[in-house]
Amino acid sequence: MSEEQAPYQPSPDPLLPDEPLARALVKPSRSLSIIWLLPLIAAAIGLWLLVKSLAEAPVEITLNFSSGTGIEVGKTKVIHEGITAGVVKDIRLDASDMKGVIATIDMDRHLESLLRTTTQFWLVKPEISLSGVTGLETIVTGNYIAVKIGKEGEPARHFDALEKPPTLDSSCRR
């Protein structure tokens, strides 16, 4: 033998065994450990939730009103043909002229293509006048913002609210 091994000597340390320790045989793993499947699944779920939240995120629009009377954040809804289409997210004074308010509204993403420059918004509230009584349903449900969808014009995200409901015309009938 060209290599000589040192003779075995018992260990002076009482905690170590007297016989020689066996050598561990380490084989490199060539496959991916199953434990890595968990982070991959978590990343896939996170990506799916991100895409879903972006696809379902509401469309933010702004409306100029001459007064904020009757508009409440989180309570005042935008209603189109009896269906809730959005809700007021924020209301603030119009800093440009201090004569009105700007309401920020979260609209349903499905209505984004219908928000055109010809779309009209107005606040519905109970009113009594010589010509009659309007908006009685708001006594129970609260004020709401009505919308008449515009079919023409460029896409828009900023609108000026009407003081009164628009007049009915032939384009409103089906």
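Guide: The discussion below takes up charged pairs, strand pairing and the nonpolar core. Please keep in mind that this is a predicted model.

Visitor: How many salt bridges does the structure hold?

Guide: Side chains of opposite charge can pair when their charged atoms come close. The structure holds 6 salt bridges. One of them joins the side chains of K75 and E72, at 3.7 Å from N to O. K75 is exposed, with a relative accessible area of 60%, whereas E72 is partly exposed at 42%.

Visitor: Which parts of the chain does the salt bridge between R157 and E112 tie together?

Guide: In that salt bridge the N to O distance is 2.4 Å. R157 lies in the loop between β8 (144-148) and β9 (158-160), and E112 in the loop between β4 and β5 (120-124), so the pair ties together parts that are 45 residues apart in sequence. Both partners are partly exposed: R157 has a relative accessible area of 42%, and E112 one of 28%.

Visitor: Where do D106 and K89 lie?

Guide: The side chains of D106 and K89 meet in a salt bridge of 4.0 Å, N to O. D106 belongs to strand β4 (residues 101-107) and K89 to strand β3 (residues 83-93), so this pair connects parts that are 17 residues apart in sequence. K89 is partly exposed, with 40% relative accessibility.

Visitor: In what sense does strand β2 pair with β3, and in what sense with β8?

Guide: In a regular strand the side chains alternate between the two faces of the sheet. Here, strand β2 (residues 77-80) pairs with β3 in the antiparallel sense over 4 bridges. Within that pairing, I79 has T84 of β3 as its bridge partner. The hairpin of β2 and β3 has 2 residues between the strands, and E81 takes a positive phi near 50° there. With β8, strand β2 pairs in the parallel sense over 3 bridges, and the bridge partner of K77 in β8 is Y144.

Visitor: Which residues touch the most other members of the largest nonpolar core?

Guide: That core has 22 residues, and those with the most contacts to other members are I61, F65, V78, I105, M107, F121 and I145. The elements that give two or more residues to this core are β1 (59-65), β3, β4, β5 and β8. Consider F121 as a case: leaving aside residues up to four places away in sequence, F121 touches residues including I61, L63, V78, M107, I145 and F159.

Methods: Residues are numbered from 1 along each chain as its sequence is written. This is a predicted model: local features need pLDDT of at least 70, side-chain atom pairs count only at pLDDT 80 or more; totals for chains, interfaces and linings use all residues. Side-chain values use heavy atoms; hydrogens and water are left out. Buried means under 20% relative accessible area, exposed over 50%, partly exposed in between (1.4 Å probe, protein chains only). A nonpolar core is a set of buried Ala, Val, Leu, Ile, Met, Phe, Trp, Tyr and Cys residues joined through side-chain atoms within 4.5 Å. Contact means heavy atoms within 4.5 Å. Two strands pair if DSSP finds at least two bridges between them.
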